[in-house]
Amino acid sequence: MAVSSLRLHLPPLFTTANREWGFRLSNRIVDRRVCSCSHTEQSTDKWESFRKKKVVMRVGYVGTNYRGLQMQRDESSLPTIEEELEAAIYKAGGIRDSNYGNLHKIGWARSSRTDKGVHSLATMISLKMEIPEIAWKDDPSGIALANYINSYLPQDIKVFSILPSQRRFDARRECAVRKYSYLLPAEIIGIQRSLSTAEIDHHLSDFNDILNAFEGDHPFHNYTIRAKYRKKVPAKQSPGNRLASRREKLSEEILVSETDEEEEEEDDSGVNEAIALHSEGLNGNSSQSSNRYSGSNMRARNLFPVVCARWLYEPDETDRIGASHFRKILRCSCGNLERFLSADYIDISIVGESFMLHQIRKMVGTAVAVKRELLPRDILKLSLSKFSRIVLPLAPSEVLILKGNSFSLRNRPGTRPEMMTLVESEDILLPVNNFYTSVLLPQVSMFLDPSKSPWKEWVDNLDLNTSITDSELDNVRNAWNEWNEKFQRRNYLPYSGVDQCSCERYAS
């Protein structure tokens with residue numbers, strides 16, 4: 001691509017009279033013309049740091065070739081998004097040699113985390129960055145600084161903007177709402193191209209009814225690895241362990257507000273999952289992974305009396321459900337049938353305050369199982385009761401996208417100006433949309449063919465392995481009905497503005 005064709009798109013900071021970058025690089029001005037979309041045309045110079053400043057940047061990426069967002073200091077053939085970002089910022093001059101390799105030293109924080117293979121258009125990362133003297137001059141949207149860092153990044157990772165941030169800004173705690181999209185091949189829920197418009201609309205309406213059941217404030221312990229979000233039973237207090245107790249309380253507060261789809265390597269052994277499920281039937285501690293739907297698991301199920309659904313009649317201190325297992329879903333619905341190239345798909349929109357590990361993928365997997373009539377409709381109601389323990393399917397990660405965020409101050413109304421700019425500025429939304437249509441969607445579309453990976457194997461295993469015995473279901477149903485009757489009788493008022501799920505959070 002000719003350089004002249006790029007000059008119109010470069011921000012003012014990079015379009016000085018000499019076609020130079022516009023800030024000092026390594027104590028000298030270097031005539032560099034770098035295209036932010038090319039990883040091969042890299043600058044070899046760092047900018048000269050003027051001062052260290054807390055900044056926040058909006059990042060997008062295609063997660064297919066990465067282990068997830070968060071840095072993991074171990075040996076692996078796959079890198080993480082943060083590894084690439086740290087290296088690029090360092091090469092650009094934003095991190096000193098003495099701080100490189102330790103994100104804690106630069107106050108690195110993120111608005112949310114994503115699992116291996118999950119994508120993003122709206123990850124917000126704050127850090128203390130070494131910045132050049134005229135950063136943001138004639139560039140209020142912070143695109144120029146971002147583009148220089150992009151020159152060191154691969155094409156599937158892009159920094160959309162870098163803006164100065166206030167010292168008290170907390171990317172995770174001030175992120176009030178997360179907005180995800182899950183692109184589901186239409187054929188998975190029975191929509192064929194041969195169907196009429198009325199038949200397609202019927203399928204979409206029916207699927208929306210299923211998805212809407214997740215909306216509200218519910219315990220989603222059956223949709224995650226619940227042990228990760230369980231408060232440990234405290235030991236007997238003594239003057240010597242009060243500090244440890246305060247640390248445990250802080251950890252619990254973090255779990256309550258911790259977000260979504262954090263990284264975890266999945267075990268591919270179906271036999272191990274069957275053992276875990278058997279263990280759950282005995283003591284309520286299951287890893288709740290997707291491996292129940294792997295092919296080898298059918299052999300394992302013949303070896304162990306797996307319990308897939310049960311009810312806790314008595315409190316179990318080793319399997320308690322607390323406030324950290326409750327999440328508020330503001331919207332869960334699907335749109336119209338869409339097509340990209342030759343792929344027909346539906347866009348499932350999931351909007352919530354925060355999400356737990358695997359939560360969205362289990363929500364989608366369960367909704368698909370209900371739509372395919374592999375699980376009964378009331379499994380949604382039953383699984384969202386804090387006393388039920390139900391094993392649910394986990395949908396593939398390859399088509400899950402973090403689309404957007406909303407931010408608000410923690411202690412008073414309002415939003416920080418820089419966050420409003422990152423979320424709403426048209427100057428920033430334009431490259432975000434361009435990245436989605438030209439980079440992210442074309443790569444994700446490779447996973448929208450229901451006859452290929454990951455869908456063919458997943459659907460085959462889903463149809464083969466998704467079953468709960470009538471006796472187990474009847475046991476949970478009867479227990480739920482009895483509990484609900486007592487709950488209504490105990491909490492009945494002619495009209496109270498409190499819904500059942502909100503009350504259940506505090507029910508014993």
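In which handedness of crossing does α3 pass α7? The views below start there. This is a predicted model, in which local features need pLDDT of at least 70, side-chain atom pairs count only at pLDDT 80 or more, and totals for chains, interfaces and linings use all residues. Residues are numbered from 1 along each chain as its sequence is written, and side-chain values use heavy atoms, with hydrogens and water left out.

**View 1. Helices α3 and α7 cross.** The crossing of α3 past α7 is right-handed (the near helix is turned clockwise from the far one by less than a right angle). Helices here are DSSP runs of H or I with at least four residues, strands are E runs of at least two, and both are numbered from the N terminus. The axes of α3 (residues 197-212) and α7 (residues 359-371) come within 10 Å and cross at roughly 130°. That makes α3 oblique to α7; angles under 35 degrees count as roughly parallel, over 145 as roughly antiparallel, 65 to 115 as roughly perpendicular and the rest as oblique. Axes are lines fitted to C-alpha atoms, for helices over the stretch in contact, with angles from 0 to 180 degrees between N-to-C directions.

**View 2. Here is where the two helices touch.** On the α3 side look for His203, Asp206, Phe207, Ile210 and Leu211, which meet Ala367, Val368, Val370 and Lys371 in α7. Contact means heavy atoms within 4.5 Å. Six of the residues in this contact are nonpolar, one is polar and two are charged.

**View 3. Strand β9 is a covered strand.** In β9 (residues 343-352), 10 of 10 residues are buried (under 20% relative accessible area, with exposed over 50% and partly exposed in between, using a 1.4 Å probe and protein chains only). Side chains in a regular strand alternate between the two faces of the sheet. Ala343, Tyr345, Asp347, Ser349 and Val351 point one way from β9, while Asp344, Ile346, Ile348, Ile350 and Gly352 point the other way.

**View 4. Strand β9 has partners.** β5 (residues 175-185) pairs with β9 in the antiparallel sense over eight bridges; pairing takes at least two DSSP bridges. Leu184 stands opposite Ile346. β8 (residues 326-340) also runs antiparallel to β9, joined by nine bridges, and Cys332 stands opposite Ile350. Two residues separate β8 from β9 in their hairpin, where Leu341 has a positive phi of about 55°.

View 5. Most residues other than glycine have a negative phi, and most peptide bonds are trans. Trp136 has a phi near 70° and, at 17% relative accessibility, counts as buried. Glu373 has a phi near 60° but counts as exposed, at 72%. The peptide bond from Ser453 to Pro454 is cis, with omega near 5°.

Key: Ala, Val, Leu, Ile, Met, Phe, Trp, Tyr, Cys and Pro count as nonpolar, Asp, Glu, Lys and Arg as charged, and the others, Gly among them, as polar.
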